[in-house]
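Trainee: I would like to go through this model and ask what the terms rest on.
Mentor: Go ahead.

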Amino acid sequence: MNFQEKIKGSILIGALCGTSLVGFAQAQSLDILQASALKQDDFVVTMVRQLELEKYKATIKSLTEFGDRRQGTERNRRALDWIEAQLKSYGCTNTERMQFDYTQAPPATPGAAPAPRRNVIPSGGLGGAPGQGGSTLFGKRAKTGVNTDPLLQPNEKLRALNAEQTPVGTSQRENVYCTKIGKTNPDEMYIVGAHFDGIGFGEAANDNGSGTALVMELARIFSTPGIETDKSIRFVFWNNEESGLNGAYAYVAQRKDLQGIESPKGSGKYPEPKWLGMIQHDMMLWDHGMPTEKLDEHGKPVLGADGKPIYVSPKEQRAEADVNIEFQSTAKQAEGAAKLAWFFRAANDKYATNYPAAVGFHMTNTDSVPFMDLVPAISLRENERGMHIGSGWNPNWHQPSDVYTTYSDKDFMLGLNAAQTTLSAVAILSGAKPIAVKK
């Protein structure tokens, strides 16, 4: 009995015993995955080996040609067109767009109260200040924030490309997606997503060209002739993440009540299959570690205007870099999300080539959040979003320096290992297998 057959058998037992199908399937799959020796003829290995560093880099580079892809702009719309065209070229031809309206408020007046935040979770502890998502900001911290000054971008060509700003008022936005239709369970699906919009007057190479390219690469491989899945997989590219997860919230609002409904009746078609899990990818490249003191030419700490040391990110990817897999412990679906996160951790152990993975429970500020009370939802990224990125571990976050040339192959390889992790986990959970290709 092969690996996929063992998993199918365990799921069948769960169904006969009345166990929660999704939770049981993930738990049993984790047991089998951990207990199985890796074999070189494993079909998942074959799929993972189709991921190539240069292809991943090339997709990120192509996305940077549209600048920071700020929502509501022409460069954002051209990026969306390009993503859709690429998906079709991969063979994921059933692309669809989902429209929603977004209202861009006028610039806030100085001293005005900030807009209220969603999903505020009590944070902080003895070790440091409150972070987001329930986290605590331990250790040394560097400055964070969003660059709003286009003149800080030294590249004149890029500065011109990013010149158009989001118009004030209400106008239409779009997400785009394509779906790998499951052969035996087309009415069930995993959602694999990334946002493609950015801010900061750079190229949004890492935030979030790296996540967008990852999901595009997965769509390419799963759309390869000769690969069939039992369950469906939807590859979604969210707009307006940077303005408040608006694209993902709109998707949930418009489509949550359509899950599992056959339309037209008797057609065997399910426009919105039942959600089994949501996997988000956001900022995949930079894990250089905790900021260190900035030193002058004499090796002495550089002090800020407040007389305190200035902290900066190390220049090289740290040797102990890892892929962070997060769920939110306060979500209604936290138990299922934790099982899903640990399953991805086990898949990383078996199928990632360079970097391990770690699991955390403070998922926040990403497009899986709108799903987390409805379905097991996790996020993969370079660092923990609350504790690490919130402490300034990534100096390029929303800055003009978030450009392709900032990153080394070590950085890109971290993103590729996240792709290996998701590809292998989703391949197993969806029941991917080889089929004969008609000539």
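Trainee: Which residues does UniProt give for "domain: Peptidase M28"?
Mentor: The unreviewed UniProt entry places that feature at residues 180-261; such annotations may be inferred rather than shown by experiment. Over residues 180-261 the chain is 34% helix and 27% strand, where helices (H or I, at least four residues) and strands (E, at least two) are DSSP runs, numbered from the N terminus. This is a predicted model, in which local features need pLDDT of at least 70, side-chain atom pairs count only at pLDDT 80 or more, and totals for chains, interfaces and linings use all residues. Residues are numbered from 1 along each chain as its sequence is written, and side-chain values use heavy atoms, without hydrogens and water.

Trainee: Why is helix H8 called largely enclosed?
Mentor: Buried means under 20% relative accessible area, exposed over 50%, partly exposed in between (1.4 Å probe, protein chains only). Eight of the 10 residues of H8 (residues 246-255) are buried, so the rest of the structure largely encloses this helix. Among them are Tyr249, Tyr251 and Arg255.

Trainee: What covers the buried residues of H8?
Mentor: The cover includes strands E1 (96-104), E4 (169-180) and E7 (231-238), with contact meaning heavy atoms within 4.5 Å.

Trainee: What makes a set of residues a nonpolar core?
Mentor: Its members are buried Ala, Val, Leu, Ile, Met, Phe, Trp, Tyr and Cys residues joined through side-chain atoms within 4.5 Å. The largest such core has 73 residues, and Phe222 is one of those that touch the most other members. Helix H10 (residues 409-430) gives the largest share, 12 residues. Apart from this core lies another, of 23 residues, including Met98 and Val236.
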